[in-house]
Amino acid sequence: WRYGISALFWAPVLVWGAWRRTLPAGLWRAALVPSLFNITAQLCFAFAPYYINPGLITFLLRLQIVFVALGAYLLFPSERPVLRSPTYVVGVVIVFAGLLGLCFLGAELPRGATALGVGLAVTAGFFYGGYSLAVRRYVHGISPVIAFATISLYTAIGVVSVMLVQGRDHGAVAWSLPWAQFGILVASAFAGIAITHVTYYSAIARIGVALSTGVILLQPFITSTCSYFLFGERLTVRQWLSGLTAMVGAVIMLNTQRCLARPAALPAGGAVKGMLPATAAHGPVTVD
């Protein structure tokens with residue numbers, strides 16, 4: 001429902017562009033691979049809250065920063081000097097240690113349904129990382145609005161198809177929700193998908209991926225705090241410390257990337273012939 005609403009919201013952008021013949025060449029093919037990663041990530045993300053609480057899910061999703069780093073090392077040679085940095089490796093190890101603490105320092109060890117929820121959240125983080133890399137590789141240079149409108153449409157087709165086959169009453173159960181809850185469903189489609197994705201892509205283009213992703217690291221703490229009041233979710237002190245540890249590791253990774261990615265000082269008189277701007281050479285990395 002949420003991605004269906006998002007796709008409907010942005011569909012006029014694609015219709016207008018198709019009518020005026022201003023859509024970028026190869027747009028539909030370029031958006032296909034990111035959409036496949038996004039569909040898989042969204043399905044895992046949607047199932048996870050049925051087994052574990054939102055705060056733990058949001059912390060575990062931050063594992064995507066490690067998957068993005070590993071994928072960038074394999075796909076983008078220009079990123080390898082950053083990823084070979086000992087400081088960056090230390091940050092990765094700290095992130096893993098913090099996430100392991102989140103999983104195993106709770107009131108009880110994850111097993112059964114809880115273990116399945118942890119697995120779903122980690123799998124979602126993996127595919128969100130793949131989605132970020134695919135967006136960078138395939139739709140870099142396309143307007144964020146047009147790129148996400150296309151990806152949103154593809155994703156909606158994928159997840160709505162699953163809903164029609166597997167969902168209770170083939171998805172029509174949403175109409176039986178009280179109007180207040182249905183309103184929250186619609187509002188979350190706008191706030192969490194339709195608007196936020198585009199503004200995040202735009203932020204990356206304007207202030208860079210390091211600062212944008214650094215702000216996103218606040219999400220687990222905001223979610224866990226709200227989940228405490230809304231659902232009574234209580235992480236143990238050791239889990240909070242583990243989550244903070246994971247965030248510190250992520251900050252170390254991002255700071256190392258920012259420092260090592262700074263362009264070398266240019267000689268007096270301007271740019272070196274053949275040198276591309278950093279944004280053109282590397283392009284943005286985007287995360288869901």
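## The surroundings of T150

Leaving aside residues up to four places away in sequence, T150 touches L14, L27, W28 and A31 (contact means heavy atoms within 4.5 Å). T150 sits in helix α9, residues 144–166. Helices are DSSP runs of H or I with at least four residues, numbered from the N terminus. With 0% relative accessibility, T150 counts as buried, a word used for under 20% relative accessible area with a 1.4 Å probe, protein chains only.

## About the model

This is a predicted model, where local features need pLDDT of at least 70, side-chain atom pairs count only at pLDDT 80 or more, and totals for chains, interfaces and linings use all residues. Residues are numbered from 1 along each chain as its sequence is written, and side-chain values use heavy atoms, with hydrogens and water left out.

## The chain as a whole

Of its 288 residues, 41% count as buried. Among contacts between residues at least 6 apart in sequence, 85% join residues at least 24 apart.

## Where α5 meets α14

Now turn to helix α5 (residues 64–75) and helix α14 (residues 237–260), whose axes come within 10 Å and cross at roughly 30 degrees. That angle makes α5 roughly parallel to α14, because angles under 35 degrees count as roughly parallel. The axes are lines fitted to C-alpha atoms over the stretch in contact, with angles from 0 to 180 degrees between N-to-C directions.

At this contact, I65, V66 and A69 in α5 meet A250, M253 and L254 in α14. The residues involved divide into six nonpolar, no polar and no charged; Ala, Val, Leu, Ile and Met are among those that count as nonpolar, Asp, Glu, Lys and Arg count as charged, and Gly is among the polar ones.

How values were computed
Helices (H or I, at least four residues) and strands (E, at least two) are DSSP runs, numbered from the N terminus. Buried means under 20% relative accessible area, exposed over 50%, partly exposed in between (1.4 Å probe, protein chains only). Angles under 35 degrees count as roughly parallel, over 145 as roughly antiparallel, 65 to 115 as roughly perpendicular and the rest as oblique.
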